[in-house]
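I opened my notebook to look up a few contacts, rings and surfaces in this model. Here is what I wrote down, entry by entry.

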Amino acid sequence: MPVMERWSRLILALFWAVFLALYVAAAVVYPGANHFDYGAEGYDLWRNFICDVLHVETIGGHRNTDGAALGTAAMVALVPAVSGAEAEPEEGDGRGTATA
């Protein structure tokens, strides 16, 4: 595996790790509420949408400034992680050296 390919895979993995860490942190500090239960406490993986942590005010009216900042930072880290994975050439697609 060429050195640049190893570095690009490492950087992609780093962006994914940063995304996951920031998103989990945003979910942990999320005060609560979802579309099914406005009085619920905390983030519920099955009842909250991914974008719920991005709002400064929850559905139930609670302040979520810290969670919104963490969630936004997580989404910023997600963009290069996803776009970099798509830009990585597959074997035999004509963009690299030919394999016999």
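**Starting at Phe 15**

I began with Phe 15, which I found in helix α1. Before going on, I noted that this is a predicted model, where local features need pLDDT of at least 70 and side-chain atom pairs count only at pLDDT 80 or more, while totals for chains, interfaces and linings use all residues. Residues are numbered from 1 along each chain as its sequence is written, and side-chain values use heavy atoms, with hydrogens and water left out.

I took helices (H or I, at least four residues) and strands (E, at least two) as DSSP runs, numbered from the N terminus. Phe 15 is partly exposed, at a relative accessible area of 31%. My scale for that: buried is under 20% relative accessible area, exposed is over 50%, and partly exposed is in between (1.4 Å probe, protein chains only).

Phe 15 also belongs to a nonpolar surface patch of about 490 Å², together with Val 3, Trp 7, Leu 10 and Ile 11. Patches take residues with over 30% relative accessible area and no salt bridge, joining like charges within 9 Å and nonpolar side chains (Val, Leu, Ile, Met, Phe, Trp, Tyr) within 5 Å. The areas come from the Shrake-Rupley method with a 1.4 Å probe; for residues, only the protein chains shown count as cover.

**Helix α1**

I checked the length next: α1 has 27 residues and spans 39 Å from first C-alpha to last, close to the 39 Å expected at 1.5 Å a residue. The expected span is 1.5 Å times one less than the number of residues. I listed Leu 12, Phe 19, Tyr 23, Ala 26 and Ala 27 as buried in α1.

**Salt bridge**

How many salt bridges does the structure hold? I found one, between the side chains of Glu 5 and Arg 9, at 3.1 Å from N to O. The cut-off is a side-chain nitrogen of Lys or Arg within 4 Å of a carboxyl oxygen of Asp or Glu. Glu 5 and Arg 9 are four residues apart in helix α1 (residues 3-29), so about one helical turn separates them. Glu 5 is partly exposed at 29%, and Arg 9 is partly exposed at 39%.

**Rings**

My search of the whole structure gave four aromatic pairs. One of them is Trp 16 with Phe 19, edge-to-face, with 6.1 Å centre to centre and 85 degrees between the planes. Rings of Phe, Tyr and Trp (its six-membered ring) pair if their centres lie within 6.5 Å; planes under 30 degrees apart are stacked, over 60 edge-to-face, and the rest tilted. Trp 16 and Phe 19 sit three residues apart in α1, about one turn. Trp 16 is partly exposed at 35%, whereas Phe 19 is buried at 11%.

Tyr 23 and Tyr 43 form another edge-to-face pair, 6.1 Å centre to centre with 90 degrees between the planes. Tyr 23 lies in α1 and Tyr 43 in the loop between α1 and α2 (65-87), so this pair ties together parts 20 residues apart in sequence. Tyr 23 is buried at 12%, and Tyr 43 is buried at 18%.

**Ser 83**

Last, I looked up Ser 83 in helix α2, which is partly exposed at 42%. The Ser 83 side chain reaches the backbone oxygen of Val 79 at 2.9 Å. The C-alpha atoms of Ser 83 and Leu 12 are 9.3 Å apart, although 71 residues separate them along the chain.

Terms used: A polar contact is a pair of N or O atoms within 3.5 Å; within protein, one must be able to donate a hydrogen and the other to accept it, and residues adjacent in sequence count only if both atoms are side-chain atoms.
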